[in-house]
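Welcome! Let's get to know this structure together through some questions and answers.

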Number of protein chains: 2
Amino acid sequence: MQFYDDATIQQHYQMTDAIQDIKLLLKELNHVSHTERLVIPTGEGSQSMLYMPSIHFGKQMGMIKITSITPQNPTANRPTTQANIVITNIQTGEHIATIDASYLTRLRTGALSAIATEYLSRENAQTLGMIGTGGMAYEQLWGNIEVRNIQNVILYNRTYEKAIQFQKYIQDRFPHLNVLVSDNVNDLVVQSDIINCQTQSTQPVFNAKDIQKGTHINGIGSYRPDMVEIDYQILPNTSHVVFDDIEGVKKEAGEFIKANEEKIFCFEDIYGNLKSLIESSDLARSEDDITVFKSVGASYYDLAVALGAYHCLQTSIE
Amino acid sequence: MQFYDDATIQQHYQMTDAIQDIKLLLKELNHVSHTERLVIPTGEGSQSMLYMPSIHFGKQMGMIKITSITPQNPTANRPTTQANIVITNIQTGEHIATIDASYLTRLRTGALSAIATEYLSRENAQTLGMIGTGGMAYEQLWGNIEVRNIQNVILYNRTYEKAIQFQKYIQDRFPHLNVLVSDNVNDLVVQSDIINCQTQSTQPVFNAKDIQKGTHINGIGSYRPDMVEIDYQILPNTSHVVFDDIEGVKKEAGEFIKANEEKIFCFEDIYGNLKSLIESSDLARSEDDITVFKSVGASYYDLAVALGAYHCLQTSIE
């Protein structure tokens with residue numbers, strides 16, 4: 001049994017690795033087994049333990065992601081979400097590694113947005129609007145700039161000071177970017193080619209009327225039926241709506257559940273899952289089309305990055 | 001995150017610890033949450049991954065046991081069952097330890113038989129008959145000799161040579177015991193005060209007609225509906241039938257499922273679970289009574305020994 005912590009994984013496994021590994025896994029998805037995630041409530045509200053197993057029969061490797069959700073943690077300066085992955089060789093039955101999965105979870109979610117942006121946004125997209133600058137934001141930004149030639153980033157956060165802190169953080173890491181903070185989300189929306197939302201809002205974080213032609217939207221924040229992040233009034237005006245996992249979105253993504261209930265949008269109207277997106281030979285997206293990607297996560301995406309990172313670590317570290 | 005391997009746990013956590021920790025947990029069982037185990041088949045027959053989570057709300061600690069079952073492993077000199085436990089502090093959400101659980105699983109199963117023997121066998125029991133001398137046998141014997149003044153041990157195994165090897169193994173460890181190997185299971189049955197069965201047989205491993213008055217029987221081998229270990233014709237002649245977990249036995253223990261179907265025995269006729277056994281103030285067992293304990297395992301027993309071993313390791317190792 002080997003153990004790898006977040007810091008070690010961050011050194012050896014990057015956004016481009018995650019994007020590549022997820023694309024590969026999507027092509028092999030018929031060799032992957034996963035069950036619904038198991039949830040045990042452990043306290044008030046959303047405090048809980050989540051268990052997400054998945055197995056790659058082609059590679060004869062399996063994993064389970066064990067996640068604790070502790071909403072009161074930020075007041076004690078601890079993260080809300082803490083994740084760990086145990087990897088098992090299913091051919092020999094040996095449990096071969098325990099790896100921190102907090103960075104990997106953020107990275108794979110960034111990679112999912114990256115893949116959506118690569119296929120759904122305009123190729124000449126230059127301005128990225130980021131709504132929400134919390135724990136998931138850095139890897140979301142990273143994913144987008146790996147796949148498009150982003151020049152300008154506009155940040156919006158409910159608490160303005162946190163957006164300012166994040167501006168400094170990313171400016172240090174990506175000095176070539178022109179990073180602005182806006183205190184008005186409408187200004188961000190009208191100027192952005194790509195809008196990336198990472199909030200836990202229960203109200204739409206933008207107004208659908210402000211969305212310009214040709215905009216691509218990624219929504220990765222809402223993960224409960226009571227959450228609404230994307231203004232779902234935009235959905236009738238879109239050309240392509242893509243989910244990371246339709247079964248997950250139907251159960252968890254509040255704005256899509258409501259849109260479907262209110263008949264503003266039907267789940268049957270989606271273009272497809274991420275798998276169909278990367279396998280489509282002709283997307284038929286025109287310059288003016290508005291496109292939407294929604295992610296709630298699924299255990300096979302964790303499997304992709306867990307096995308990918310483990311492989312990288314094995315080959316990089318003597 | 002700390003990691004402890006089997007060898008380290010074996011040094012610091014013994015049968016008496018496990019017995020004590022399981023008794024304590026049974027008294028606190030209303031503070032423990034557990035779900036049905038999640039099973040993902042990974043190959044032919046019983047090859048699979050098993051996931052068993054459990055949470056102790058009183059201690060604010062949770063764990064999941066991750067078990068691989070690889071039936072073809074013995075031909076490659078690897079164990080069929082390989083288990084690992086991840087322990088989480090649910091108050092802080094921190095994943096604090098990954099511990100090998102192969103020894104702990106054998107130990108807790110031995111401790112379950114020990115508790116049953118302590119409450120259900122005659123106090124003057126001196127002769128222990130062991131049917132099956134495979135991977136689980138050592139801790140089964142160990143459990144029994146912790147709670148009764150056993151003088152004689154009779155071993156029976158389908159493959160005689162393996163019983164001879166096991167005889168040598170336990171004679172080295174417990175030189176005060178008089179250990180015999182029998183090639184005739186009936187001889188073992190008529191001479192034993194306690195019969196402990198640990199096989200994966202699909203046929204009864206003894207004949208009910210041979211069971212003497214006053215005998216106590218532990219059955220820990222059968223864990224699938226197609227398995228039959230205890231000859232269930234004995235059940236109408238018993239005074240007390242006790243399960244480790246009735247829900248588990250109803251789903252998994254082949255001989256009890258069949259006995260119930262054939263109306264030889266009703267699940268409603270059991271004396272109770274192990275919890276009711278240790279909480280009973282008056283068992284009303286007479287010298288001639290025949291008693292039966294059946295174990296299939298449950299995640300809260302793993303929780304008991306996982307938290308117990310973790311605590312022992314924390315206090316023993318600087």
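Q: How many residue pairs are in polar contact between chain B and chain A?
A: This is a predicted model, and the count takes in pairs with both residues at pLDDT 80 or more. Between chain B and chain A, the number of residue pairs in polar contact is 14.

Q: Which elements give two or more residues to the side of chain B that touches chain A?
A: Let's look at what the touching side of chain B is built from. The elements that supply two or more residues there belong to chain B itself. They are β3 (38–41), β4 (48–56), β5 (61–69), β6 (81–89) and β7 (94–100).

Q: How do the residues on the side of chain B that touches chain A divide into nonpolar, polar and charged?
A: Chain B brings 35 residues into contact with 35 residues of chain A. On the side of chain B, they divide into two charged, 17 polar and 16 nonpolar.

Q: How many salt bridges are there between chain B and chain A?
A: Over all chains, the count comes to 18 salt bridges. Between chain B and chain A, however, the number is zero.

Q: What area do chain B and chain A bury between them?
A: The size of an interface is often given as the accessible area lost when the parts come together. Here, 69% of that area is on carbon and sulfur atoms. The area buried between chain B and chain A is about 2800 Å².

Q: Which residues of chain B lose the most area to chain A?
A: Three residues stand out on this side, and together they make up 18% of what it buries. They are Leu38(B), Ile40(B) and His95(B).

Q: What kind of axis relates chain B to chain A?
A: Chain B can be laid on chain A by a turn of 180 degrees and a shift of 0.0 Å along the axis, with an RMSD of 0.0 Å. Such a relation is that of a two-fold axis.

Q: In chain B, which residue has the C-alpha nearest the axis?
A: The same surface serves both copies, as 100% of the contact residues of chain B recur in chain A. In chain B, the C-alpha nearest the axis is 3.8 Å from it and belongs to Thr98(B).

Q: Which are the edge strands of the eight-strand open sheet in chain A?
A: The sheet runs in the order β10-β9-β8-β11-β12-β15-β13-β14 in chain A, with parallel pairing. An edge strand here pairs on one side only. The edge strands of chain A are β10 (178–181) and β14 (272–273).

Q: Which residue in β15(B) stands opposite His216(B)?
A: In chain B, strand β12 (residues 216–219) pairs with strand β15 (residues 291–294) in the parallel sense over four bridges. The residue of β15(B) opposite His216(B) is Thr291(B).

How values were computed:
Residues numbered from 1 in each chain as written. Chains lettered and ligands numbered in written order. Predicted model: local features only at pLDDT ≥ 70, side-chain atom pairs only at ≥ 80, totals over all residues. Heavy atoms only, no water. Least-squares fit on C-alpha atoms with pLDDT ≥ 70 in both. Contact = heavy atoms within 4.5 Å. Buried area = accessible area lost by both parts, 1.4 Å probe. Salt bridge = Lys/Arg side-chain N within 4 Å of Asp/Glu carboxyl O. Polar contact = N/O pair within 3.5 Å; in protein donor to acceptor, adjacent residues only side chain to side chain. Nonpolar A, V, L, I, M, F, W, Y, C, P; charged D, E, K, R; others polar. Pairing = 2+ DSSP bridges.
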